[in-house]
Amino acid sequence: MFQPNMFDSHHHLLEMTHKTPENEMDMIRDDEFESKSGTDIMEAASGDDQDPNQRPKKKRYHRHTQHQIQEMESFFKECPHPDDKQRKELGRRLGLEPLQVKFWFQNKRTQMKAQHERHENTQLRTENEKLRAENIRYKEALSNATCPNCGGPAAIGEMSFDEQHLRIENARLREEIDRISGIAAKYVGKPMLSYPHLPPGASRSLDLGVGNYGAQSGMIGEIYGAGDLLRSVSGPTEADKPMVIELAVAAMEELVRMAQAGEPLWVPSGDNSTETLSEDEYVRTFPRGIGPKPLGLKSEASRESAVVIMNHINLVEILMDVNQWSNVFSSIVSRALTLEVLSTGVAGNYNGALQVMTAEFQVPTPLVPTRENYFVRYCKQHADGTWAVVDVSLDNLRPTSVSRCRRRPSGCLIQELPNGYSKVMWVEHVEIDDRAVHSIYRALVNSGLAFGAKRWVATLDRQCERLASAMANNIPAGDVGVITTPEGRKSMLKLAERMVMSFCAGVGASTAHTWTTLSGSGADDVRVMTRKSMDDPGRPPGIVLSAATSFWLPVLPKRVFDFLRDENSRSEWDILSNGGLVQEMAHIANGRDPGNSVSLLRVNSANSSQSNMLILQESSTDSTGSYVIYAPVDIVAMNVVLSGGDPDYVALLPSGFAILPDGPMNQGGAGISEVGSGGTLLTVAFQILVDSVPTAKLSLGSVATVNSLIKCTVERIKAALSCDKA
């Protein structure tokens with residue numbers, strides 16, 4: 001008999017080894033380095049997007065001012081290795097960013113080192129030429145020499161000692177010259193970017209048309225290997241790092257202006273409920289940026305603000321720690337990796353922190369392709385105390401000029417408020433080829449509710465409420481049931497958090513997955529994939545089959561959410577409960593909305609031969625979407641958790657539902673907007689252990705059973721909700 005469950009995502013974030021602050025960029029090229037302005041840097045960064053038939057424009061540069069150079073030269077003579085505090089003070093005095101000062105000193109040290117090595121190189125070449133000349137003279141003398149005994153040509157052996165000595169010395173000098181030349185070229189030359197190897201004929205473009213998405217996923221898996229796409233991207237070369245910092249500084253300025261601007265840059269809608277970015281005004285305001293929009297890409301820009309229950313310093317820490325960031329935004333960020341930390345910040349905080357990252361963003365359905373970005377993230381505290389964190393794409397450092405998704409300056413401004421609250425202003429601005437989005441999700445994606453600022457802010461607000469609930473020391477009056485201690489409450493919330501993250505990691509169209517479509521090409525076909533679980537205490541060992549399907553319902557999302565999370569209606573759709581009575585044993589509220597809660601359910605099976613089953617369930621909702629996620633749990637293991645024990649060793653295979661609107665609703669009571677019908681986009685996902693032996697082969701019977709199970713569940717949901725269409 002199958003056990004419903006879920007598997008934890010098999011791809012784990014890699015941990016990066018950070019270099020020491022003084023050595024991290026000592027290998028930056030060149031004595032010819034000139035600091036580019038932010039706008040010119042970004043013009044250079046967009047070179048891949050220019051018309052290849054046009055002659056490239058000569059890049060414009062400007063040096064630091066003579067006064068800035070003189071001051072830094074003078075400081076260099078006294079102290080060639082300034083610390084963070086000295087760089088910050090010097091930057092304040094000269095009107096430069098601390099990172100720009102840091103790069104200048106690193107370039108200066110590199111310049112001195114390169115000059116010294118070139119001088120040594122010249123000396124070696126001169127010495128080698130002298131030896132060559134001597135070698136030639138010896139050979140000529142050898143050819144003209146005569147034997148003193150017979151008067152004939154001298155034997156070769158009489159000169160072999162000197163000739164052998166010359167050969168050895170020349171070989172040594174040649175090796176030394178090659179070594180020095182290689183080192184010098186690394187500093188003053190123009191090295192090729194070290195891009196990951198692609199198979200012959202493989203293209204980085206994911207533009208595979210609007211056909212069956214299952215086929216597209218399969219092709220991604222074929223070319224790159226499951227889970228290899230993000231990991232194949234390397235950090236920037238030493239030669240590129242000055243450009244990265246200049247680009248980040250310019251992006252920070254653009255983000256602040258975008259967040260604070262009004263008309264004509266942002267144009268409000270008729271009812272003032274939404275606003276649109278004027279692309280013409282944007283181009284006029286930011287004429288270069290990261291370059292013109294590539295052909296085939298469309299712009300998506302949105303802005304949203306909210307007050308959240310979290311300290312501003314904690315928010316900055318979450319955004320700058322890749323593990324915390326991907327955990328808090330697990331429903332949006334399917335995978336993320338910090339490739340290199342260029343700066344850890346100054347004065348013991350993240351002010352000035354700079355890191356190169358790669359991430360994949362998702363919607364919880366296999367029908368919407370993920371968006372992969374390679375970008376730099378920059379954090380800065382501004383003079384008024386506001387913190388800002390900005391991302392901007394580094395596509396120019398990748399091996400192709402064709403990009404499916406470019407991230408223009410995007411991020412948030414965080415303002416401190418009293419009592420531990422913060423005001424967040426979020427800006428999302430991307431250019432995307434979204435032709436592979438399935439038609440039933442197109443209105444949602446076009447509205448910005450799928451990837452836009454509104455979803456980021458709504459998710460952050462809900463997660464801040466959840467974190468505040470998890471940190472509460474006293475059990476609120478709304479919490480009922482078998483939880484009797486704060487430790488038990490925290491353990492249960494921690495277990496539920498892992499369950500949710502595991503569900504989100506396996507339900508989308510991440511390139512780490514290869515979904516297989518079981519039948520036809522309809523929107524509601526079942527897609528499946530298999531995974532092996534071994535040596536993971538958080539998942540049962542064996543073969544796990546994941547199955548998911550997405551479809552449209554002519555019912556309001558709130559009605560679908562309330563129906564699926566209510567234990568009293570569970571028997572109407574949950575086949576595995578076998579019609580048994582479902583009772584809530586414990587309840588933890590973790591947000592203002594009553595739909596945000598964690599529950600422990602007991603299924604009293606009508607079949608007396610089956611033992612009672614416990615189900616851990618978390619439901620969550622915000623203005624952009626809702627989730628009902630659950631997993632059967634072992635009674636003995638849950639007793640350990642409820643007593644405050646470690647929840648990491650409880651095996652989980654979560655299943656559940658992602659409930660999204662099919663488009664935006666009008667706010668003024670005029671009914672449904674033209675792009676949304678007021679219906680629901682529902683994704684149903686099961687993860688089931690089909691064999692407890694990890695090396696076993698998946699049988700066709702197991703696939704057929706799971707396919708039948710998920711289709712039967714869908715039919716039950718449709719039947720139950722068809723009688724009261726909203």
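Is Asp562 buried, partly exposed or exposed, and at what relative accessibility? At 24% relative accessibility, Asp562 counts as partly exposed, since buried means under 20% relative accessible area, exposed over 50%, and partly exposed anything in between (1.4 Å probe, protein chains only).

A quick note before the views: this is a predicted model, where local features need pLDDT of at least 70, side-chain atom pairs count only at pLDDT 80 or more, and totals for chains, interfaces and linings use all residues. Residues are numbered from 1 along each chain as its sequence is written, and side-chain values use heavy atoms, with hydrogens and water left out.

**View 1. Asp562 teams up with Arg565 in a salt bridge.** The side chains meet at 3.3 Å, N to O (a salt bridge is a side-chain nitrogen of Lys or Arg within 4 Å of a carboxyl oxygen of Asp or Glu). Because the two sit three residues apart in helix 15 (residues 557-565), about one helical turn separates them. Arg565 is partly exposed too, at 25%. Helices (H or I, at least four residues) and strands (E, at least two) are DSSP runs, numbered from the N terminus.

**View 2. Arg466 and Glu618 form a salt bridge at 2.7 Å, N to O.** This pair ties together distant parts of the chain, 152 residues apart: Arg466 belongs to helix 13 (residues 453-471) and Glu618 to strand 18 (residues 613-622). Both residues are buried.

**View 3. Thr683 sits in strand 21 (residues 680-691).** Thr683 has 0% relative accessibility, so it counts as buried. Its side chain makes a polar contact of 2.7 Å with the side chain of Ser550 (a pair of N or O atoms within 3.5 Å; within protein, one must be able to donate a hydrogen and the other to accept it, and residues adjacent in sequence count only if both atoms are side-chain atoms). The Thr683 side chain also reaches the backbone oxygen of Pro364, at 3.2 Å.

**View 4. Strand 10 (residues 410-416) is mostly covered, with five of its seven residues buried.** Strand 10 pairs with strand 8 (residues 387-393) in the antiparallel sense over five bridges; to pair, two strands need at least two bridges found by DSSP. Here Asp391 stands opposite Ser410. Six bridges join strand 10 to strand 11 (residues 422-432), again antiparallel, and Cys412 has Trp426 as its bridge partner. Five residues lie between the strands of this hairpin, where Asn419 takes a positive phi near 65°.
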